[in-house]
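Dear colleague,

Please find below the structure that I am handing over to you. My notes on what was found in it follow directly after.

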Amino acid sequence: KNLDIDFNGTTRRFTATANSVNIIRSANGLYASFTIEFICTLPFGCETSDTTALNGTGRTLSTYTDAYTFLGSAPTQLPVATITLTAVSSTGYQQLFWGNNDNGQGITIERNNWTAGDVVVIDCVNKTVTINGTAVNFTGAFPEFAPGARNISYSDTFTSRTMTENVVYKKRYQ
């Protein structure tokens with residue numbers, strides 16, 4: 001289950017299981033003190049709301065590198081990238097790449113017949129890649145971003161394109 005803890009004005013969510021419960025009741029039964037020990041199956045707590053790392057609209061170039069300072073204290077932050085092709089011209093198999101320019105990790109999708117309205121979601125948390133809600137084949141490694149200043153990269157081999165690129169993540173903490 002989720003274990004939500006208020007911390008410094010935000011909520012951090014851990015996935016936890018109660019390991020032991022100890023209840024001590026007073027003699028008159030009006031009050032009880034208790035201790036609950038939780039085991040967290042994941043070592044990091046995440047904020048419950050998204051942080052936007054990038055919101056690029058009206059993009060028409062085939063290559064972008066965007067600087068962003070990832071927050072949080074966990075060794076890696078795991079974003080979700082949503083790329084919406086509002087217009088695209090391509091023939092034959094074409095590639096779209098999205099990733100971390102600093103460590104070389106990234107996802108490449110090769111596909112025939114890209115069309116306007118295609119929505120690509122690269123979910124580094126759940127390790128999934130979809131186009132228009134359907135899982136697709138891809139190559140590469142899901143990018144992880146260490147806290148601090150990093151570079152998000154996008155490239156494609158289309159003849160032309162207009163697209164939006166939205167990148168969000170839930171800050172993770174140790």
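Buried, as used here, means a relative accessible area under 20%, exposed means over 50%, and partly exposed lies in between. Please bear in mind that this is a predicted model.

I begin with the cysteines. Cys124 is buried, with a relative accessible area of 0%, whereas Cys46 is partly exposed, at 22%. A disulfide is a covalent bond between the sulfur atoms of two cysteines. For a pair to be counted, the sulfur atoms must be within 2.5 Å. The cysteine sulfur closest to that of Cys124 belongs to Cys46 and is 13 Å away, so the two are too far apart for a bond. The count of disulfides is 0.

Strands E2 (10-25), E4 (45-47) and E15 (160-169) each supply at least two residues of the lining, and the largest share, 3 residues, comes from E2.

Finally, I draw your attention to Gln94, which lies in strand E8 (residues 93-100). With a relative accessible area of 12%, Gln94 is buried, because this value is under 20%. Apart from neighbours within four places in sequence, Gln94 is in contact with Ile109, Glu110, Arg111, Trp114, Thr157 and Phe158.

Yours sincerely

Note on methods:
Residues numbered from 1 in each chain as written. Predicted model: local features only at pLDDT ≥ 70, side-chain atom pairs only at ≥ 80, totals over all residues. Heavy atoms only, no water. Buried < 20%, exposed > 50% of the residue type's maximum accessible area, 1.4 Å probe, protein only. Helix = DSSP H or I, 4+ residues; strand = E, 2+ residues; numbered from the N terminus. Contact = heavy atoms within 4.5 Å.
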